[in-house]
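Visitor: I would like to learn how to read a two-chain model. Please take me through it feature by feature.

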Amino acid sequence: MILLDRVTKKYGKKGLALDRVSLHIAPKEFVLIVGTSGAGKSTLLKLLTREEKPTNGKIVVGGVDYDRLKDKEVPLLRRKIGTIFQDFKLLPNRTVFENIAFALEIVGMTNKEINYTVPRVIDLVGLNGKEKNFPRELSGGEQQRVAIARAVVRQPKILIADEPTGNLDPKHAWDVVSVLEKINQHGTTVLMTTHNQDIVNKLKRRVITIDHGRVAADTAGGNR
Amino acid sequence: MKGSSFKRKLINAKRVFVTGAHSFFRNTWLSVAATIVMTITLACILVTFFASYTLNNTVKSFTEKIDVSIFFKTDATKEQIDEVSTKLRNDQDLQVKEITYISKEDARASFEEQNKDDIKTLQAIAQAKDAFPASIRVKTLDTAKLQEVVKITRQEKYKEIVDKDSYKDDAKRTAVDRLGNVAKFMRNGGLVFSVLFGAISILVILNTIRMTIFNRKDEIEIMQLIGASKWYIRGPFIVEAAIYGAIAGIIASFLFFVGALTQVVKLQSYVEEINLAVTRFNSSSWIIIPATIAIGMIIGAFSSYLAIRKHLKIKTIK
């Protein structure tokens with residue numbers, strides 16, 4: 001599903017963010033990426049969503065070889081991947097419903113399909129009754145759940161979550177994690193970065209530790 | 001398959017319009033600020049257009065009054081006069097606009113008409129058989145060329161038929177020439193000013209739209225990250241800017257026709273051409289108003305298209 005072969009990312013001459021990282025993530029896996037701040041976790045995810053290009057190495061996601069990917073094909077790639085951002089990245093002038101519906105609008109779904117799908121996802125993330133609220137009217141946890149709903153509403157094969165619990169209190173953090181687990185159970189490959197040791201320990205999933213841009217450990221079943 | 005693709009395009013187009021209209025109302029302050037700037041700019045364009053039209057007409061009617069009359073001797077035949085007319089008309093350098101032949105009879109009739117109440121003069125004139133010579137009135141595109149016209153008619157070979165002309169080589173003439181030059185300068189200057197002002201107006205609108213889009217660059221980035229196509233992101237911004245332009249066009253037209261033009265009429269202008277221009281503009285309002293709205297929409301949409309281009313480049317730093 002996701003393949004990275006000796007991927008290096010340099011910023012300028014000295015800033016080595018990733019150093020020959022090789023990874024293989026199978027379909028339906030739930031993978032946690034851990035590491036200290038600046039270790040290269042976010043860079044890794046940005047390479048997968050094609051926000052950035054690698055300096056060296058090969059990336060293949062869902063059968064798409066990034067070396068052969070043209071700029072105009074990037075939107076199509078991003079539609080196949082659901083992304084949850086640490087800072088939510090919600091559209092400020094759109095309601096909860098509209099933010100989630102936006103992900104479906106861009107693939108040309110009809111209003112009927114949207115009106116059928118969005119309420120179900122809102123229900124999944126537990127935001128019933130908040131459909132007409134604007135992001136500024138929601139708490140951090142609620143905003144994060146909108147971001148999750150938007151990422152999963154298209155039922156992507158891959159879900160990338162960059163510190164989805166980073167801005168949340170423990171209770172909300174666990175709400176978010178359980179939503180991600182539920183999505184994973186439906187067959188979506190989940191790739192999530194986190195700082196939260198408690199989540200790592202309790203989830204008991206594959207953990208990839210990044211340190212100074214390198215894969216320092218890759219263990220199955222939690223507990224670093 | 002084709003049908004479903006068309007249906008999808010139709011749905012997208014509808015969404016682009018609806019989202020653009022929504023954004024206009026949801027970004028109230030940005031919309032109001034951009035619309036005000038566009039209104040002022042469009043109103044200024046209308047006023048400049050009006051001023052330039054009036055100036056042009058004034059200059060035109062002024063220069064149209066400048067001509068030279070060549071008076072022929074009483075024994076000059078119609079054929080000889082026609083020969084002079086043809087010679088002048090065929091000289092490309094003179095840029096002759098119009099030559100009017102006035103026969104002796106026409107001249108007399110015209111004089112009698114003008115002095116119909118002065119019986120003594122009319123009686124005196126009735127005695128003088130050859131008091132009114134035949135003449136031609138020459139107008140050139142460039143008033144400076146009138147001097148060239150009389151240079152020809154004053155040539156030795158025409159001495160036998162040409163008696164005199166109305167061209168004065170004195171201070172009065174210089175004043176007329178100078179006025180002609182001023183008129184020419186004003187016409188060219190007016191054109192340059194209009195073009196320059198038009199360009200500045202477009203720049204002002206472009207920058208206003210650029211600022212509104214800069215304010216929302218994060219939104220553009222988010223849409224890109226979610227996988228929206230360039231047109232799906234760009235479309236609503238273009239629609240929104242076109243709405244600014246349309247509303248600005250309506251308000252600017254209202255300010256111009258109801259505000260400015262009615263005030264000009266109230267001032268009871270001394271220059272006849274201003275009143276004529278007001279009448280002309282009022283009677284053409286059916287085309288000027290839609291044109292102003294269309295210009296506002298086009299400038300707005302185009303500015304938005306240009307302004308958003310920069311933010312739509314996919315940031316793939318290698």
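Guide: We go from confidence to cores, then sheets, then the contact between the chains. This is a predicted model: local features need pLDDT of at least 70, side-chain atom pairs count only at pLDDT 80 or more, and totals for chains, interfaces and linings use all residues. Residues are numbered from 1 along each chain as its sequence is written, while chains are lettered from A and ligands numbered from 1 in the order in which they are written.

Visitor: What is the mean pLDDT of chain B?
Guide: pLDDT is the predictor's confidence in each residue, from 0 to 100. Where it is low, the predicted coordinates should not be read in detail. Chain B averages 84, and 93% of its residues reach 70 or more. Among its elements, helix α5 (residues 119–127) of chain B has the lowest mean, 76. Helix α11 (residues 285–309) of chain B has the highest, 93. Helices (H or I, at least four residues) and strands (E, at least two) are DSSP runs, numbered from the N terminus. The model scores ipTM 0.89 and pTM 0.74.

Visitor: Which residues have the most contacts inside the largest nonpolar core?
Guide: In soluble globular proteins, nonpolar side chains tend to be buried together. A nonpolar core here is a set of buried Ala, Val, Leu, Ile, Met, Phe, Trp, Tyr and Cys residues joined through C-beta atoms within 7 Å. Buried means 20 or more other C-beta atoms within 10 Å of the residue's own; exposed means 12 or fewer, partly exposed in between, with C-beta atoms placed from the backbone. The largest core has 104 residues, and A:I33, A:I100, A:I148, A:A149 and A:V190 have the most contacts inside it. Helix α9 (residues 230–266) of chain B gives the largest share, 14 residues. A second, separate core of 13 residues includes B:V68, B:I81, B:I136 and B:Y167.

Visitor: What is A:I148 in contact with, leaving aside its neighbours within four places in sequence?
Guide: Contact means C-beta atoms, placed from the backbone, within 7 Å. The partners of A:I148 are A:I84, A:V125, A:P164, A:V176 and A:V179.

Visitor: In what order do the 6 strands of the open sheet in chain A lie?
Guide: Strands of a sheet pair through backbone hydrogen bonds, either parallel or antiparallel. Two strands pair if DSSP finds at least two bridges between them. The order is β6-β7-β8-β3-β9-β10 (chain A), with mixed pairing. β6 (81–84) and β10 (214–219) of chain A each have a single partner strand, so one side of each lacks a neighbour in the sheet. Strands β3 (residues 30–34) and β9 (residues 206–211) of chain A run parallel, joined by 4 bridges. There, A:L32 has A:V207 as its bridge partner.

Visitor: Which strands does helix α5 (residues 140–152) of chain A lie across?
Guide: Axes are lines fitted to C-alpha atoms, for helices over the stretch in contact; angles run from 0 to 180 degrees between N-to-C directions. Helix α5 of chain A lies across β6 and β7 (158–162) of chain A, at about 175° to β6(A).

Visitor: How do the 4 strands of the sheet in chain B pair?
Guide: The pairing is antiparallel, in the order β2-β3-β1-β4 (chain B). Strand β3 (residues 135–140) of chain B has 5 of its 6 residues buried. Strand β2 (residues 96–102) of chain B joins β3(B) over 6 bridges.

Visitor: How many residues does each chain bring to the contact?
Guide: Chain A brings 21 residues and chain B 20. α2(A) gives the most to chain A's side, with 4 residues.

Technical notes. Two residues are in contact if their C-beta atoms, placed from the backbone, lie within 7 Å.
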